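Hi everyone, thanks for coming.

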Amino acid sequence: MLSTTSSSDATEQPVRCPALLITAPASGQGKTTLTAALARLHARQGRKVRVFKCGPDFLDPYWHELATGAPVHSLDLWMTGEADVRARLHAAAQEADLILIEGVMGLFDGSPSAADLARLLGLPMLAVVDASAMAGTFGALAYGLQHYQSGLRWAGFMANRVATSHHADLLRQGLREPELWQGALAAISLGATGHVKGAALLPERHLGLVAAHELQDALQRLDAAADALAQIPLGQRPWHADETGDSVSGSWQDWAVEFSAPEPADAAAPALQPWLQGRTIAVARDAAFAFIYPANLDCLRAMGAQLVFFSPLAGDDLPACDALWLPGGYPELHAKTLAGNTGLRQSLAQHLAAAKPVWAECGGMLALCQSVVGHDGAEQELWNLLPGKVIMQKRLAGLGMQQLQIDETVMRGHTFHYSRLETAMQQVARTSRPRTAVQADRGEAVYRHGSVHASYFHAWFASAPRLIAEWLGAKV
């Protein structure tokens, strides 16, 4: 798999850095809040923290970026590839004091899973468990996680949504190895169901957490979580065991990991070429179009593109450009405002009339359609530039890793949406699950309408840079 980071010389020395993979037995346990709070706590203490997210995710990284002030990249042994994972972590270890990695779903969910990543890299793991409705069973769950798979390195367990100090004592007593206890937090301090001044600490909607940039008090919420974390063993763990900096049991240095220098680029990986040199690509970016991997932007720039950003919600027109990328996001929540930006709609229509290319991804595709029908049955006009009606639904319509094969090229990515599209647009391809054949009733359609390529599929550009360059008008 292609890495968009710069290649290091194979003789470069490994780098040691404290690191922690934060996992859980399932989604909704508090991984994101704990990761962001821990990052915020150490950043406030003057440390340089780098956070990564396992698996595909656009929303959680906004909280981690707010906590650290640094970009947050995805790590996935299938979607981004082992070479990219190793290169990013090695680069981060050279500049950071601490590396935090938020897992995906439950520890052993998916193939490859967060456990696979931890075992491959020797990462110590901390599991956070929603203990709101358990006592001694906390220990059984912890024991099962510890011993389900060999070769894993454990840093400990933390209980979330704990009611009282007595409740915390019961949970701690259930552990077979008490030294793995890293503390307990009450729901009011940490967790998606907790509250700060009457509002959810990290509030959620149908695709996950509300992004940090959408909340005016986002940093105060993180500080509240960090303050709570500072009161438990995990938050009080010393950085060094003594003033000389020697590593002994009980300090963050016990959780140091040796990150090896990346190997030379795989000769079979797709090579980046200046296919987009001299081309200007406009990228929509605001609360309605926020599902953007920083690595995808890096990939476009590495191919020579000049990127210009604009906000449809702020009333911007389409900037002068050769091609357009409309990322995913929440256009359905802002449909009236988007439809009201008639200047942008006119400039988009002119862009299409000139046969200039567009890659419209998930929410970007929805915004170009005729209308969206909400859960209440009300229909709201959209930009009406693609033939199709979007129907919002309460059940998931698509979730999971996907691959798109066109000729000999395989692009990797994923899908996650709660809507369906009724359209007569031409399907030019269809995605499938990893390592499976295309099926007519599975995966996501890739449509072509004039100069527009559109799909619910979220693409990882570096897996097939030539294909994305072609969709954006490059002659390759």
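**A walk through the chain**

Let's begin with P112, which you'll find in the loop between β4 (98–102) and α4 (114–121). Those labels are for helices (H or I, at least four residues) and strands (E, at least two), taken as DSSP runs and numbered from the N terminus. P112 is joined to S111 by a cis peptide bond, with omega at about 5 degrees.

Before I go on, a word on what we're looking at: this is a predicted model, where local features need pLDDT of at least 70 and side-chain atom pairs count only at pLDDT 80 or more, while totals for chains, interfaces and linings use all residues. Residues are numbered from 1 along each chain as its sequence is written, and side-chain values use heavy atoms, with hydrogens and water left out.

Back to the backbone. Most residues other than glycine have a negative phi, and most peptide bonds are trans. Now look at A355, whose phi is near 60 degrees, a positive value in a residue other than glycine. A355 is in the loop between α11 (342–353) and β16 (358–361). D407 also has a positive phi, near 55 degrees, and isn't a glycine; its place is the loop between β20 and β21.

Are A355 and D407 buried or exposed? A355 is exposed, with a relative accessible area of 55%, and D407 is exposed at 68%. Here buried means under 20% relative accessible area, exposed means over 50%, and partly exposed is in between (1.4 Å probe, protein chains only).

Let's zoom out for a moment. The protein chain has 13 helices and 26 strands. Of its 476 residues, 54% are buried. And if you take the contacts in the chain with a separation of 6 or more, residues 24 or more positions apart account for 74% of them. Contact, by the way, means heavy atoms within 4.5 Å.

K53 shows that kind of thing up close. K53 lies in strand β2, and at 3% relative accessibility it counts as buried. Its C-alpha atom is 6.4 Å from that of H73, 20 residues apart along the chain. Leaving aside neighbours within four places in sequence, the contacts of K53 include D60, H73 and E102.

Another one to click on is G388, in the loop between β18 (379–381) and β19 (389–392). G388 counts as buried, at 2% relative accessibility. The C-alpha atoms of G388 and A424 are separated by 7.0 Å, and those two are 36 residues apart along the chain.

Now for the rings. A pair of aromatic rings is described by the distance of the centres and the angle of the planes. How many aromatic pairs does a search of the whole structure find? It finds 13. The rule is that rings of Phe, Tyr and Trp (its six-membered ring) pair if their centres lie within 6.5 Å; planes under 30 degrees apart count as stacked, over 60 as edge-to-face and the rest as tilted.

Take F58 and Y293: their ring centres are 4.3 Å apart and their planes are at 35 degrees, so the pair is tilted. This pair links distant parts of the chain, 235 residues apart: F58 is in the loop between β2 (49–54) and α2 (60–68), and Y293 is in the loop between β13 (280–284) and α9 (294–302). Both F58 and Y293 are buried. They also belong to a cluster, where ring pairs link F58, F291, Y293, Y330 and W460.

Rings can have charges over them too (NZ of Lys or CZ of Arg within 6 Å of the ring centre and within 35 degrees of the ring normal). The charged end of R237 sits over the ring of W255, 3.8 Å from its centre. R285 has its charged end over the ring of F309, 3.6 Å from the centre.

And who else is in contact with R237 and W255? Q182 is, and its contacts beyond four places in sequence also include L126 and F157. Q182 lies in strand β7 (residues 181–184) and counts as buried, at 4% relative accessibility.
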